[in-house]
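Please walk me through this structure in the viewer, one selection at a time. Tell me what to select and what I will find there.

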Amino acid sequence: MTDLEQARELMLQGSYTAALCRSGETMTSTKRGVKPLLDWIDEGKKLNGWTAADRVVGKAAAFLYVLLGVERVWALVMSTKARTVLESYGIEALCDTEVEKIENRTRDGFCPMETAVWDIDDPMEAKATVIVRLRELNGE
């Protein structure tokens, strides 16, 4: 089984929001949104050569995957801007459904994370913006 097949199966068969695989090693998370990616960055994870399977990948998540150094990202749903970001950094971007922009959880607007980084082109600036936006959403 390839890393991609294993990551997809692990995510879809478990109740995970994200699953990453590399040569039999796995990492998973049940946290929502970009939180698992930020946690892995904060932990200093370097995921070069890893394949990620994620439920939803917008531009914000794409920038965080760039910072993590993954080789490939597959998502159930991926935005066009996320695909562009990933591919511009040499990361293979695969998805079941590509959309112009990610909807928010209540489906009455757009994802606040993707909206926050919509006009950003730098991964570090995107990360800082995502952190600020998360704090705002949490009332901090």
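Predicted model: local features only at pLDDT ≥ 70, side-chain atom pairs only at ≥ 80, totals over all residues.

**Stop 1**

Nonpolar side chains tend to be buried together in soluble globular proteins. Begin by selecting Val34, Val57, Tyr65, Val70, Val73 and Met78, which touch the most other members of the largest nonpolar core, a set of 38 residues. Next, colour helix α3, residues 59-68: it supplies the largest share of this core, with eight residues.

Now centre the view on Val57. What is in contact with Val57, leaving aside its neighbours within four places in sequence? The list is Ala62, Tyr65, Val73, Ala75, Val77, Met78, Ser79, Ala82 and Ile102.

**Stop 2: a separate core**

**Stop 3: the ring of Trp118**

Select Trp118 together with Lys81 and Lys101. The charged end of Lys81 sits over the Trp118 ring, 4.2 Å from the ring centre. Lys101 also lies over the face of Trp118, with a distance of 4.4 Å to the ring centre. If you look for aromatic pairs, a search of the whole structure finds zero.

**Stop 4: salt bridges**

Side chains of opposite charge can pair when their charged atoms come close. How many salt bridges does a search of the whole structure find? The search finds nine, and several can be visited here.

- Select Arg22 and Glu25. Their side chains meet in a salt bridge, at 2.9 Å from N to O. Arg22 is partly exposed, with 29% relative accessible area, and Glu25 is also partly exposed, at 39%.
- Select Glu43 and Lys45. The closest N and O atoms of this salt bridge are 3.9 Å apart. Lys45 counts as partly exposed because its relative accessible area is 33%, while Glu43 is exposed, at 54%.
- Select Arg83 and Glu98. In this salt bridge the closest N and O atoms are 2.5 Å apart. The pair links distant parts of the chain, 15 residues apart: Arg83 belongs to helix α4 (residues 80-88) and Glu98 to strand β5 (residues 92-99). Glu98 is partly exposed, at 37% relative accessibility.
- Finish with Glu71, Arg72 and Glu92, which are linked in a network of salt bridges.

Technical notes. Residues numbered from 1 in each chain as written. Heavy atoms only, no water. Phe/Tyr/Trp six-rings, centres within 6.5 Å; stacked < 30°, edge-to-face > 60°. Lys NZ or Arg CZ within 6 Å of the ring centre and 35° of its normal. Salt bridge = Lys/Arg side-chain N within 4 Å of Asp/Glu carboxyl O. Buried < 20%, exposed > 50% of the residue type's maximum accessible area, 1.4 Å probe, protein only. Helix = DSSP H or I, 4+ residues; strand = E, 2+ residues; numbered from the N terminus. Core = buried A, V, L, I, M, F, W, Y, C linked by side-chain atoms within 4.5 Å. Contact = heavy atoms within 4.5 Å.
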